[in-house]
Amino acid sequence: NEFANINVIPGLIIVGSFAVPFAMVILFFEINTPKNVSIVKIIQLLILGGSLSILLSLLLFDITPALGVFGASAAGFVEETGKLITVVLALNLIMKRERYPYLLNALLFGATVGAGFAAFESAGYALRIGLQDTQAMLENITLRGAMAPFGHIVWTSISTASYWRARRSTSDFLSAVTSRSFLTLFAAPVGLHFVWNMPFQGAFLIKFWILGFIAWVIVVSLIQTGLKEITTVAGPSNEHMTTS
């Protein structure tokens, strides 16, 4: 605003779009108490996973035109599926899935891909709006930054956790994603995303705050389950060390 220099706009868009999502990734990174994932892997997943999840979502939109009847809310089905597929591909092609068996790992990976998706999507919106009105672009960056902790990041962490839990008791991907345990929990981020994109918001953006609260209740519950899992796994080991 002070210097009216267009050269700083790309940096403004990138920093403004990535700041809050990346901060959320660090939060989930710290919550991952097993500490079995390096920050290098997470940054790779943030950039590559965010990019790939957007590409897959665009492809899914093209091959499922019938979902257009739902308007913007169709993203609840398409984008949540695209992001989950990205995590599954990453764990089979980039990282070895058996090295990351914990629910807290799933929450971290999902949050990371969701953060990448959210950041790149926000950057796209900022660019499109900024071509018409730079002040509106600043307002959009600020609003989407404030909303970032309540959208894609937590949605994808929930969907990834739902797959992780189902995959433990099934022999393959198809069996996992058609199981009742997966579909029951996966319906939560899809439904939250679907309502998020519906054309109403209420006073003071109340719809988004309510949806964000619901998402975080689910995430906190999954975190508690994940922490209990770690305690259970570590228990026998700790007891053995004490005995020795």
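Colleague: Ser159 lies in helix H6. Why is Ser159 called buried?

Modeller: This is a predicted model, in which local features need pLDDT of at least 70, side-chain atom pairs count only at pLDDT 80 or more, and totals for chains, interfaces and linings use all residues. Residues are numbered from 1 along each chain as its sequence is written, and side-chain values use heavy atoms, with hydrogens and water left out. A helix is a DSSP run of H or I with at least four residues, numbered from the N terminus. Buried means under 20% relative accessible area, exposed over 50%, and partly exposed in between, with a 1.4 Å probe and protein chains only. Ser159 has a relative accessible area of 0%, so Ser159 is buried.

Colleague: Which residues does Ser159 contact beyond its neighbours within four places in sequence?

Modeller: Glu80, Leu84, Phe182, Phe186 and Pro189. Contact means heavy atoms within 4.5 Å.

Colleague: What makes Phe77 and Leu183 partly exposed?

Modeller: Phe77, in helix H3, has a relative accessible area of 32% and is therefore partly exposed. Leu183, in helix H8, has a value of 43%, so Leu183 is partly exposed. Not counting residues up to four places away in sequence, Phe77 touches Leu67, Phe70, Val190 and Phe194, while Leu183 touches Val177 and Thr178.

Colleague: Where is Ala4, and why is Ala4 called exposed?

Modeller: Ala4 is in the segment before H1. Its relative accessible area is 75%, so Ala4 is exposed. Phi of Ala4 is near 50°, a positive value in a residue other than glycine. Leu205, in the loop between H8 and helix H9 (206–243), also has a positive phi, near 60°.

Colleague: How do you know how H4 and H6 cross?

Modeller: Two packed helices are described by the angle between their axes and the distance between the axes. Axes are lines fitted to C-alpha atoms, for helices over the stretch in contact, and angles run from 0 to 180 degrees between N-to-C directions. The axes of H4 and H6 come within 7 Å and cross at roughly 145°. A crossing is left-handed if the near helix is turned anticlockwise from the far one by less than a right angle, and right-handed if clockwise. That of H4 and H6 is right-handed.

Colleague: How does the contact of H4 with H6 divide by class?

Modeller: It has 12 nonpolar, six polar and three charged residues. Ala, Val, Leu, Ile, Met, Phe, Trp, Tyr, Cys and Pro count as nonpolar, Asp, Glu, Lys and Arg as charged, and the others, Gly among them, as polar.

Colleague: What makes a space a pocket, and what volume does the largest pocket have?

Modeller: On a 1 Å grid over the protein atoms alone, a pocket is an open set of points where a 1.4 Å probe fits, with protein on both sides within 12 Å along at least five of seven lines; lining residues have an atom within 4 Å of a point. The largest pocket has a volume of about 610 Å³, the space filled by probe spheres set on the points, which are joined across faces, edges and corners. Of its 26 lining residues, the closest to the centre are Glu121, Tyr125, Arg144, Trp196 and Asn197. H5 gives the largest share of the lining, six residues. The lining divides into 13 nonpolar, 10 polar and three charged residues.

Key:
Helix = DSSP H or I, 4+ residues; strand = E, 2+ residues; numbered from the N terminus.
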